[in-house]
Amino acid sequence: MTEVNSMETITTSSKLLCVLLFTGILLQYAGRSSISVVLVELQKPPGNNTLTNVSKSQVQYSQFQAGVILSSVYIGMLPSSLIGGYLAYRFSAIRVFLASIGISSIVHGGGAVMFDDFETAVTQRILAGMAEGLSEPATFGVLNQYLSPEQSARVSPFIFAAIFLGQFLGIFATGFITQRLVWQAPFYIFGGLGITCAAVSVVFAVAGMAKKRDALDRNKGDIKKMKSIPVFRIFTSTAVWASILLQAAPYFWDPSILPLYFSQSFGTKTELVGVLAGIPILIFGVLEPLFALVENTLCKHVSTTAARKSMAVIACLCVSGCLFMAAFTSNPVVAACFIATAYGSHAARAAVGDANIFDIAPRYASVISGICRAICRVVGLTFPLLVTAITKNKSSQEWSRVVLIKACVLAATALFFGAFGSGEEQPWAVEVPQGQSGGTQPGSRKDHKVDDENRPLFKK
């Protein structure tokens, strides 16, 4: 099978699997992003709550408390990202994924009760993070187990576009839901949808994918789980760190901060906040698959490294430039246009980032994804707290500093990935045992097999 025609051979069951992954991530992120809009409503004094004929919140969170709640989800996601990568590497990744979707949906539904108090709200976000952190590494593991590395690299941007489409759905819909129903409604709605998705998916996963997994295990030794992980080589690889930085850069301004940005910097109303914050995210989710198609075409004419570097560097520099312009405008419409353009450019960066792990180390995709997500969680945990420290007065000047920090991070990312990024499989990722002597020799992505009974759990 060649790289050019690998996409044409994806079976119907594999396409359904991709739809399952897409839907699960979509609903998970919709529920998660709805929290940021709910917090806008819960920061209002109870007497100023405009809801009529519905139950009103009896709490009023401060700016610092809102930042802590938004950040606390990463406390749970930090360890679970590493654990999820390992579990997806050693065991059935699809089961890890479905467990993540089901448990996180149940916890999200409980937020309707737990958000009445600050301490329980933080507890709910930590528990949700522990469940949600498993899903993305597990997704990489599922693709590695059921598709070839070339197919995985091409479909992963389409699947992970669900992250931003889900955030758009959550932010956009919650702005209207909280104004017309109760503020607890988004918890019930997105929690219920996630539970339903997980329940329906279990039937498909058990009945449909078991046979496919058995067939792949018989015919393709390269999808078998290796029990040894080259930890030292992963952590000392500049290509891996370039890929991780490319994935972590967006967390220096998580989309969940957008509602607060438009509300506090420009005084935008809650309903319009959902629209202004949702449109850039929607643009991102729509454009990422399109940029993936462009990148796939580009890889047919130039080397994979050249294609990845050129698209990632140009995208990061475009994002940096747009955010720099947005930082110096006082017009909400102009700012929204620059933010939307920045997120559109972000989509090209994401198309590279989501596929790059399968380029450099497809065997260890779930492990590297777990490490990458853990680092992203650290950034996601600390940056909202930094934002609340910078924006104590909730002024537009303070928010401009936040936007400038993000612009500088993207410019640095462009330079680092341009210097150290790669689109080629790393030598340490393709070493296989040779006979019983314990020697190793390089293998290709398609023809290497692994004796996973005689290898240690970890190696350096």
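Me: A salt bridge is a side-chain nitrogen of Lys or Arg lying within 4 Å of a carboxyl oxygen of Asp or Glu. How many salt bridges does a search of the whole structure find?

Reply: The search finds three salt bridges. The structure is a predicted model, in which local features need pLDDT of at least 70 and side-chain atom pairs count only at pLDDT 80 or more, while totals for chains, interfaces and linings use all residues. Residues are numbered from 1 along each chain as its sequence is written, and side-chain values use heavy atoms, with hydrogens and water left out.

Me: What makes the pair Arg-373 and Glu-136 a salt bridge?

Reply: Their side chains come to 2.5 Å, N to O, and the definition asks for a nitrogen and a carboxyl oxygen within 4 Å, so the pair qualifies. The two residues belong to distant parts of the chain: Arg-373 is in helix 14 (residues 365-390), Glu-136 is in helix 5 (residues 135-146), and 237 residues separate them. Helices here are DSSP runs of H or I with at least four residues, strands are runs of E with at least two, and both are numbered from the N terminus.

Me: Why are Arg-373 and Glu-136 called buried?

Reply: Buried means under 20% relative accessible area, exposed means over 50%, and partly exposed lies in between (1.4 Å probe, protein chains only). Arg-373 has 3% and Glu-136 has 1%, so both residues count as buried.

Me: How do you know that Glu-295, Arg-308 and Asp-359 belong to one network?

Reply: Arg-308 pairs with Glu-295, with the closest N and O atoms 2.7 Å apart. Glu-295 lies in helix 11 (residues 270-299) and Arg-308 in helix 12 (residues 304-326), so this bridge ties together parts 13 residues apart in sequence. Arg-308 also meets Asp-359 in a salt bridge of 2.5 Å, N to O. Asp-359 lies in helix 13 (residues 332-360), so the second bridge joins parts 51 residues apart in sequence. Salt bridges with shared partners therefore unite Glu-295, Arg-308 and Asp-359 in one network. Glu-295 is buried at 1% relative accessibility, as are Arg-308 at 3% and Asp-359 at 3%.

Me: Is Trp-241 called buried, partly exposed or exposed, and why?

Reply: Trp-241 has a relative accessible area of 32%, so Trp-241 is partly exposed. Trp-241 is placed in helix 9 (residues 238-248). Together with Phe-235, Phe-416 and Phe-420, Trp-241 makes a nonpolar surface patch of about 350 Å².

Me: What makes Phe-417 a buried residue, and which residues does Phe-417 contact?

Reply: Phe-417, found in helix 15 (residues 396-420), has 2% relative accessibility, so Phe-417 counts as buried. Contact means heavy atoms within 4.5 Å. Leaving aside neighbours within four places in sequence, the contacts of Phe-417 include Ala-242, Leu-246, Arg-308 and Val-352. Phe-417 and Leu-246 are 171 residues apart in sequence, yet their C-alpha atoms are 7.1 Å apart.

Me: Why does Thr-139 count as buried, and what does Thr-139 touch?

Reply: Thr-139 has 0% relative accessibility, so Thr-139 counts as buried. Thr-139 sits in helix 5. Not counting residues up to four places away in sequence, Thr-139 touches Leu-21, Ile-25, Phe-97, Ile-159 and Phe-160.

Me: How much of the chain counts as buried, and how many helices and strands does the chain have?

Reply: Of the 460 residues of the chain, 60% count as buried. The chain has 15 helices and four strands. Among contacts between residues at least 6 apart in sequence, 83% join residues at least 24 apart.

Note on methods. Patches are made of residues with over 30% relative accessible area and no salt bridge: like charges are joined within 9 Å, nonpolar side chains (Val, Leu, Ile, Met, Phe, Trp, Tyr) within 5 Å. Accessible areas come from the Shrake-Rupley method with a 1.4 Å probe; for residues, only the protein chains shown count as cover.
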